[in-house]
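Trainee: I am new to this structure. Could you show me how to read it?

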Amino acid sequence: MAHPKYSFIIPVFNRPEEVQELLASLANQTYNKPFEVVLIEDGSTLDSEHVVANFKDKLFISYYKKDNSGPGDSRNFGMRRAKADYFIVLDSDCIMPKNYLEEVEKELNADFVHCFGGPDAAHESFSKVQKAINFAMTSFLTTGGIRGNKKSVGKFQPRSFNMGISREAFKATQGFGNIHPGEDPDLTFRIWKAGFKTRLFPKAFVYHKRRIDWGKFKTQVNKFGMVRPILNSWHPGTAKLTYWFPTLFVGFIVLSLIMALFGQFIGIYLVFMYLWILFIASLLSNKNVEIAGLSVYAVLIQFFGYGWGFLKSTFLINFSKKEPEILFPKLFFSKREIK
């Protein structure tokens, strides 16, 4: 087989069903040049070996098993062993459009960058809850625009469910750190510091399934809120006012309720106006009234979970003398691969 130009890097933990769907979508790529799929079992007790065996004649797969050390370290493990010089990092709960690699190639040929990110979309097969959460996570009306957009050239913050990085940039930065979540922007900031640019490839999107329920979603966004002040302290100058938006929104709701007790309802009206705009935006996007209602609920969970996590972490990071690893041990993986 000819030397592959791209290596997909996919850590997985006890998700053979997801691997089945992802590999099936990769096998259907219209891209006609060789590419590699690097699959890393991150301490799985329910592995995907039997699934991988079914695709050996359709895909060039490098399959590894290792002790659990977290998704970031597993991605580094895969990139050190990958054969291509350009890596594409995916989550196992993604499904790839047939023309994904063609779109990546077009973008890199037109304006090469050492790191790119692509959007995520909701596939028509997704559940209503999945589509609602996807809206909350991607809409410019929520926190979806925080990491940048196609106009912010050089300042887009890729996410590891759909992220490309060259071997050169990986070597210069040593890849992902041991924080999770938060390893994606941490790596992006170090990529910028090393002199490389990042860019959004708007047509290189993936269908990100996000197999989570409401409870898991609340926990996830709460962790997102907690890691952001840590990243701000690690990377001075990267903080943005927009990171405060969920916290300020929650504070505004509390203030509006207090004002309502004294007969002042302007704050309540403004909150309901914003929620109505969210409902209409989701309705136009998803063409479903129930999904639109669930989207409003998802945004409220997102803002309250993220906002509280951000506020708590900001206070502790600024007023405690303890290191983040001590303050928030659940946000860090301590076990690392020996290089």
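Trainee: At what angle do the axes of helix H10 and helix H11 cross?

Mentor: Keep in mind that this is a predicted model. Two packed helices are described by the angle between their axes and the distance between the axes. Here, the axes of H10 (residues 266–286) and H11 (residues 289–319) cross at roughly 130 degrees and come within 8 Å. That makes H10 oblique to H11. The crossing is right-handed.

Trainee: Which residues in H10 meet H11?

Mentor: Tyr-274, Leu-275, Leu-278, Phe-279, Ser-282, Leu-283 and Asn-286 in H10 do. Their partners in H11 include Val-289, Ile-291, Val-299 and Phe-303. The residues of this contact divide into twelve nonpolar, four polar and no charged.

Trainee: Now the sheet. In what order do the seven strands lie?

Mentor: The order is S3-S2-S1-S4-S8-S6-S9. The sheet is open, and its pairing is mixed. Strand S3 (60–66) and strand S9 (198–200) are the edge strands, each pairing on one side only. On average, neighbouring strands are turned by 20 degrees against each other, direction ignored.

Trainee: Is strand S2 buried or exposed?

Mentor: Eight of the eight residues of S2 (residues 35–42) are buried, so S2 is largely enclosed by the rest of the structure. Both faces are covered. One side has Phe-35, Val-37, Leu-39 and Glu-41. The other has Glu-36, Val-38, Ile-40 and Asp-42.

Trainee: How many bridges link S2 and S1?

Mentor: Strand S1 (residues 6–12) pairs with S2 over seven bridges, in the parallel sense. S2 and S3 also pair in the parallel sense, over seven bridges. Look at Ile-40: it is the bridge partner of Pro-11, and it stands opposite Tyr-64 in S3.

Notes:
Residues are numbered from 1 along each chain as its sequence is written. This is a predicted model: local features need pLDDT of at least 70, side-chain atom pairs count only at pLDDT 80 or more; totals for chains, interfaces and linings use all residues. Side-chain values use heavy atoms; hydrogens and water are left out. Axes are lines fitted to C-alpha atoms, for helices over the stretch in contact, and angles run from 0 to 180 degrees between N-to-C directions. Helices (H or I, at least four residues) and strands (E, at least two) are DSSP runs, numbered from the N terminus. Angles under 35 degrees count as roughly parallel, over 145 as roughly antiparallel, 65 to 115 as roughly perpendicular and the rest as oblique. A crossing is left-handed if the near helix is turned anticlockwise from the far one by less than a right angle, and right-handed if clockwise. Contact means heavy atoms within 4.5 Å. Ala, Val, Leu, Ile, Met, Phe, Trp, Tyr, Cys and Pro count as nonpolar, Asp, Glu, Lys and Arg as charged, and the others, Gly among them, as polar. Buried means under 20% relative accessible area, exposed over 50%, partly exposed in between (1.4 Å probe, protein chains only). Two strands pair if DSSP finds at least two bridges between them.
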